[in-house]
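Please read it alongside the sequence and the structure shown here.

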Amino acid sequence: MTDVASIRPLLAVLVSAVAIPIILSLKGRPNVREGVTLTVAAAKFAIVASMVPGVLSGTVYVFSFGQFATGIQLALRADPLGILFAALASLLWIVTSFYSIGYMRGLDEHAQTRYFASFAASLASAVGVAFSANLLTLFVFYELLTVSTYPLVTHDETDEARAAGRKYLAYTFGGGVAVLGGTVLVFFLTGTTAFTPGGIEALATADPTLARAAFALLAAGFGVKAALMPVHSWLPDAMVAPTPVSGLLHAVAVVKSGVFGIARLVLDVYGTDLMSDLGVDLPLAAVAAFTLLTASVIALRQDNLKRRLAYSTISQLSYIVLGLALLEGDALVGGLLHIPAHAFMKLTLFFCAGAIHVETHTDDISDMAGIGKRMPLTMAAFGVAAAGMAGIPLVAGFVSKWYLVIGALEGGGLVFAAALLVSGVLNIAYFWPIVYQAYFESPEGHDEKPLVEAVLGGRSVRADGGDAETVDPATEEAAAGDDEVPEPQHVDHLGKHRENVEHHGGPPASGWDQRNWRGAESTWFMLGPILTAATLSLLLGVVPRGVVFLRIVETVVGNLPGVVL
């Protein structure tokens with residue numbers, strides 16, 4: 001690879017950062033504000049995309065802010081791994097910006113200007129993470145991403161949202177401290193924190209105990225945002241955020257920054273050979289396998305659609321970490337390819353959940369029997385993405401999981417291959433009932449879903465997975481007669497009761513009305529992004545090299561010394 005000094009990595013970060021004050025100044029002009037958002041999103045993607053051909057041909061674009069102390073440099077570096085993450089985030093910001101317009105206006109949400117400004121700040125930070133040239137720069141943008149996404153998590157300003165925000169900060173800042181500690185220890189051992197394909201050479205001759213300690217700190221710190229168990233619980237709670245936030249930031253930018261950090265750690269700090277020599281690969285793989293299976297089982301019990309998607313995300317992120325930890329060529333390809341594959345599919349699923357919420361105020365799966373009649377295009381897109389999540393051929397998830405399973409078998413990891421296959425079955429178990437009941441059941445005649453509603457020991461359970469409280473029948477009857485207090489399912493995504501809305505979740509008394517397949521179910525500001533994300537899922541499954549992401553991934557892995565494809 002050839003390093004070329006260029007301002008383009010900096011411009012890719014700055015273009016959305018500069019847009020923040022402009023967006024804030026347009027509070028009273030929403031059409032112009034959103035026009036600026038879309039223009040900046042397109043410009044950001046264009047800058048990143050302009051570097052893709054050069055990166056694929058071996059050019060690395062570098063920009064340095066200068067050296068601030070001995071060995072301490074802040075620098076940006078657009079290499080193949082960074083381009084993978086930056087291209088994904090910038091592309092999907094365009095899609096999500098259109099969706100956000102339909103979603104935020106459809107719910108007449110407050111503080112929309114703050115929302116769009118925070119989105120711009122978050123994407124600036126995410127691309128900064130992608131193009132970081134060393135651990136120190138990565139740490140800076142990693143923490144900026146936490147700060148910039150906090151207003152989005154707490155957008156509704158309810159007690160529930162603030163509690164979720166405090167938990168988010170506690171977990172992610174705690175992870176940031178671990179990353180900083182690991183960075184300092186790596187610098188102490190090697191005198192550098194610069195990313196090098198195949199790993200920092202001086203680490204191979206460092207004290208093995210300290211090298212393992214540095215790896216543990218960095219893996220734990222990045223593992224927080226990657227939602228590895230047991231530091232995962234912030235993610236389901238963060239689902240109180242508006243659905244576009246859940247979609248892009250909690251299925252693309254925030255959580256992907258965690259797995260991206262682990263990818264840098266494995267590929268460009270330690271390298272596959274040193275990880276194997278130190279014996280840190282197997283513990284990382286074991287944590288990933290445990291997480292992907294356990295989260296899938298927990299997802300079966302979630303009746304709230306966004307919480308089920310959240311636990312699905314926790315499981316799917318661990319596919320990526322497992323692929324990296326297996327240290328084998330095909331497994332590395334599968335893990336890295338699952339970054340865009342999961343992003344396209346999960347963004348589709350979250351967008352569908354948001355459209356269902358905006359149009360029908362329905363959030364619980366148990367209330368969605370027959371909803372395919374009301375929202376045919378939305379549920380068709382949901383079915384496509386769900387099939388991909390389960391690894392069904394012709395959708396993106398099949399390609400990445402095929403590489404993962406083959407890589408696990410080639411590397412002798414039979415147990416890990418089995419874990420991947422079992423998780424695929426669990427994906428079918430918690431996604432298929434949603435699609436089936438949407439099209440083939442009616443609100444009057446749908447059956448119970450015991451995998452969702454039944455628990456071990458026969459105890460009743462709340463939708464959030466806790467034990468149900470014992471309710472006095474008299475109290476329950478009195479509450480049922482109180483028209484002033486909405487039931488839990490009759491509130492919005494953040495617990496806000498919407499005024500002047502007669503229907504508050506589930507099918508109306510007359511049943512779902514029939515909508516055609518030409519877009520009558522919702523606004524095209526929402527349907528367009530849903531269908532775009534679903535189409536990208538199909539394209540990556542049918543022509544993965546044509547969507548360029550597989551070519552980028554193969555370039556990343558092909559540049560690693562000692563790794564054979």
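Buried, as used here, means under 20% relative accessible area, exposed means over 50%, and partly exposed lies in between (1.4 Å probe, protein chains only). By this definition, buried residues make up 59% of the 565 residues in the chain. The model is predicted, so that local features need pLDDT of at least 70 and side-chain atom pairs count only at pLDDT 80 or more, whereas totals for chains, interfaces and linings use all residues. Residues are numbered from 1 along each chain as its sequence is written, and side-chain values use heavy atoms, with hydrogens and water left out.

**Overall make-up**

The secondary structure comes to 20 helices and 3 strands, where helices (H or I, at least four residues) and strands (E, at least two) are DSSP runs numbered from the N terminus. Contact means heavy atoms within 4.5 Å; of the contacts in the chain with a separation of 6 or more, 79% are between residues 24 or more positions apart. The chain exposes about 20,700 Å², of which carbon and sulfur atoms supply 62%, with accessible areas taken from the Shrake-Rupley method with a 1.4 Å probe and, for residues, only the protein chains shown counting as cover.

**Core and buried positions**

A nonpolar core is a set of buried Ala, Val, Leu, Ile, Met, Phe, Trp, Tyr and Cys residues joined through side-chain atoms within 4.5 Å. The largest such core has 187 residues, and those with the most contacts inside it are Leu92, Phe131, Tyr270, Leu336 and Phe382. Helix 9 (residues 243-278) gives this core its largest share, 20 residues. Phe131, when residues up to four places away in sequence are not counted, touches a set of residues including Pro9, Val48, Met51, Leu76, Arg77 and Ile83.

Ser423 is found in helix 16 and is buried, with a relative accessible area of 0%. Leaving aside neighbours within four places in sequence, Ser423 is in contact with Leu292, Leu293, Ser296, Ser315 and Tyr319.

**Salt bridges**

The structure holds 13 salt bridges, each defined as a side-chain nitrogen of Lys or Arg within 4 Å of a carboxyl oxygen of Asp or Glu. Among them are these pairs:

| Pair | N to O distance |
|---|---|
| Glu34 and Arg33 | 2.6 Å |
| Arg105 and Glu34 | 2.6 Å |
| Asp237 and Lys167 | 2.8 Å |

Glu34 forms salt bridges with Arg33 and with Arg105. The pair of Arg105 in helix 3 (residues 80-106) and Glu34 in helix 2 (residues 30-56) links distant parts of the chain, 71 residues apart. Glu34 counts as buried at 4% relative accessibility and Arg33 is buried at 3%, whereas Arg105 counts as partly exposed at 38%.

Asp237 in helix 8 (residues 234-237) and Lys167 in helix 6 (residues 159-190) likewise link distant parts of the chain, 70 residues apart. Asp237 is partly exposed, with a relative accessible area of 24%, and Lys167 counts as partly exposed at 24%. Salt bridges that share partners also join Asp3, Arg77, Asp79, Arg264 and Asp268 into one network.

**A nonpolar surface patch**

Ile392, Ile428, Trp432, Tyr436 and Phe440 make a nonpolar surface patch of about 510 Å². Patches are made of residues with over 30% relative accessible area and no salt bridge, with like charges joined within 9 Å and nonpolar side chains (Val, Leu, Ile, Met, Phe, Trp, Tyr) within 5 Å. Tyr436 is found in helix 16 (residues 414-440) and is partly exposed, with a relative accessible area of 33%.
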